[in-house]
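Hello,

Here is the structure I promised to pass on to you. Please have a look at it first, and then read my notes below.

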Amino acid sequence: MTRTNDAGQPVGSPVTGRFPCARPARAPLAGPRVRLEPLRTDHTEGLFAAFAEDSEGRGWTYLPRGPFADLADAHSWAADAIASEDPLYFAICAPDGTPLGFCSYLRIDPANGVIEVGFIHMSPRLQRTAAATEAMFLMMARAFDALGYRRYEWKCDALNMPSRGAAQRLGFSYEGTFRQATIVKERNRDTAWFSVIDSEWPELKARFEHWLDPDNFDADGGQIAALGKL
């Protein structure tokens with residue numbers, strides 16, 4: 001039912017929760033398969049080695065910089081990323097601490113309870129694994145459960161079909177495309193927008209937990225029920 005004010009005009013529903021939300025801290029997140037650590041200088045060499053497995057640099061195509069020309073270039077990127085508060089970067093690590101990728105919170109808006117996950121880059125060893133899904137689940141859970149955000153965003157180049165597919169598999173809803181939104185590597189970028197909102201989170205969280213349960217994987221580590229089908 002549409003709400004109206006005293007003048008009979010339609011208005012939005014009241015907002016519950018406590019705002020502004022807290023900003024995400026530089027604190028690790030851990031699950032059985034993966035550990036997210038605030039980015040540090042000592043992650044750089046491991047990330048450089050992991051990304052070097054992508055010999056064609058395909059994973060860098062839609063990112064604003066990269067691939068790294070050499071280790072010195074990787075350290076230059078890391079210095080800037082470590083100093084940044086928004087984006088706030090995390091190294092995605094195997095349980096033994098081996099860095100396999102990075103991601104960040106960005107466009108952090110505590111007053112309105114809006115936060116984005118982005119600048120995601122996963123090495124070939126991490127792509128299409130349960131650990132990769134668990135990393136995204138941990139980031140989302142912190143935003144909604146620990147920090148009380150009400151909107152969680154995912155944006156990507158509209159031509160980046162793997163990223164669009166990942167967003168929808170993870171439960172994000174497509175909201176539209178901003179044409180000529182930015183310039184990246186001297187190319188036009190139309191940006192596709194996706195989101196999850198707090199009212200959707202409890203059901204989505206239950207689906208993640210069901211999918212990530214060890215009983216959902218066979219002896220070879222293959223999924224039994226697909227996340228998108230749950």
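A residue counts as buried under 20% relative accessible area, as exposed over 50%, and as partly exposed in between, using a 1.4 Å probe and protein chains only. Before the findings, a word on the source: this is a predicted model, in which local features need pLDDT of at least 70 and side-chain atom pairs count only at pLDDT 80 or more, while totals for chains, interfaces and linings use all residues. Residues are numbered from 1 along each chain as its sequence is written, and side-chain values use heavy atoms, with hydrogens and water left out.

Let's start with S104. With a relative accessible area of 0%, S104 is buried. You will find S104 in strand β6, residues 99-109; strands are DSSP runs of E with at least two residues, helices are runs of H or I with at least four, and both are numbered from the N terminus. Leaving aside residues up to four places away in sequence, S104 touches P87, L88, Y89, E116, V117, G118, F119 and M139, where contact means heavy atoms within 4.5 Å.

Is A72 buried or exposed? A72 counts as exposed, at 55% relative accessibility, and lies in helix α2. The C-alpha atoms of A72 and G221 are separated by 37 Å, and the two residues are 149 apart along the chain.

Now to the helices. Two packed helices are described by the angle between their axes and the distance between the axes. Here, the axes of α1 (residues 44-52) and α2 (residues 71-83) come within 9 Å and cross at roughly 120°. That makes α1 oblique to α2, since angles under 35 degrees count as roughly parallel, over 145 as roughly antiparallel, 65 to 115 as roughly perpendicular and the rest as oblique. Axes are lines fitted to C-alpha atoms, for helices over the stretch in contact, and angles run from 0 to 180 degrees between N-to-C directions. On the α1 side the contact is made by T44, E45, L47 and F48, and on the α2 side by L71, A74, H75, W77 and A78.

Finally, the cysteines. How many disulfides does the structure hold? It holds zero, a disulfide being a pair of cysteine sulfur atoms within 2.5 Å. For C103, the nearest cysteine sulfur is that of C93, 10.0 Å away. C103 is buried, with a relative accessible area of 0%. For C156, the nearest cysteine sulfur is that of C103, 16 Å away. C156 is buried too, with a relative accessible area of 3%.

Best wishes
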